[in-house]
Amino acid sequence: MSDIGEWFRSIPLITRYWFAASIAVPFIGKLGLIDFRNLMLFSELVFSRFQIWRPVTATFYFPITPNTGFLYLVNLYFLYHYSTRLETGAFDGRPADYVFMLLFNWICIVITGLLMDMRLLMIPMIMSVLYVWAQFNKDMIVSFWFGTRFKAHYLPWVILAFNFIIGGSFVNELTGNLVGHLYFFLMFKYPMDLGGRSFLSTPEFLYRFFPNRRGGVSGFGAPPSRRPAPQEHAGGGGGGGGGGGRHNWGQGFRLGGE
């Protein structure tokens with residue numbers, strides 16, 4: 001039990017709270033402590049009865065049944081794995097910028113959910129973060145099931161197909177990918193690569209609550225208005241060569257592997 005506690009405390013702070021809420025809220029619904037229908041997003045109840053907690057609980061809630069349990073665990077793993085890598089990688093030392101990314105993605109997903117009458121927002125939110133990670137590491141080689149290997153740039157779309165096979169839908173994954181693309185395009189691609197104006201910037205009040213800190217594993221520490229660190233490459237047998245303070249991600253992951 002102490003090993004589990006130490007592992008949990010080792011998770012980066014923002015990811016830790018998100019991960020914990022994504023376990024606690026589904027089990028609250030599963031155990032019947034709160035009617036699970038009160039945890040889901042119903043647009044008519046948000047607007048007519050002002051049940052404004054629903055966009056929040058729908059982000060953390062996922063029904064756990066024999067048919068959905070595996071899909072839930074897979075996406076919980078994606079949350080832990082890729083949110084941790086973003087928080088300790090591209091956003092290392094810049095918690096306010098990471099919180100802003102999560103807030104921007106969440107607001108876009110909530111708006112989409114209300115317009116499209118979506119009930120659950122957990123998977124779109126996780127996929128939006130995974131998509132941003134893939135953009136920061138798009139040339140890195142990752143491994144998936146059955147020994148398949150490809151660049152991380154394709155990972156969100158491979159997972160979309162994977163979740164469609166085991167879950168029967170791709171709307172949640174597609175929504176997350178599009179929102180993640182919107183954030184990355186507006187924050188980095190458009191102002192830096194295309195020379196456009198900067199539409200997004202982290203509000204100053206977030207820096208007061210989550211001040212920047214030095215140190216960490218990646219050494220990025222750059223403000224959000226600057227170009228993200230150069231992409232990293234990983235070969236088949238090990239991590240990419242790392243110079244200039246870049247973080248070595250290793251060789252990707254194998255879902256369900258060692």
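The largest pocket in this predicted model holds about 370 Å³ of space. A pocket here is an open set of points on a 1 Å grid over the protein atoms alone, where a 1.4 Å probe fits, with protein on both sides within 12 Å along at least five of seven lines; its volume is the space filled by probe spheres set on the points. Local features need pLDDT of at least 70, while totals for chains, interfaces and linings use all residues. Residues are numbered from 1 along each chain as its sequence is written.

**The pocket lining**
- Lining residues, those with an atom within 4 Å of a point, number 13, and Ile 14, Trp 18, Phe 60, Leu 102 and Leu 103 lie nearest the centre.
- Two or more lining residues come from each of α2 (13–30), α4 (54–60) and α6 (95–116), helices being DSSP runs of H or I with at least four residues, numbered from the N terminus.

**A look at α2**
- This helix has 18 residues and reaches 26 Å from its first C-alpha to its last.
- Its buried residues (under 20% relative accessible area, 1.4 Å probe, protein chains only) include Ile 14, Trp 18, Phe 19 and Val 25.
- Seen down the axis of α2, the buried residues fall within an arc of 160 degrees, so they line one face of the helix; the arc is that of the directions from the helix axis to the C-beta atoms.
- Those buried residues pack against α1 (2–10), α4, α5 (69–87), α6 and α7 (122–136).
- Gly 32, with a positive phi near 75 degrees, follows α2.

**The whole chain**
- Of the 258 residues of the chain, 49% count as buried.

Key
Predicted model: local features only at pLDDT ≥ 70, side-chain atom pairs only at ≥ 80, totals over all residues. Heavy atoms only, no water. Expected span 1.5 Å × (residues − 1). Buried < 20%, exposed > 50% of the residue type's maximum accessible area, 1.4 Å probe, protein only. Contact = heavy atoms within 4.5 Å.
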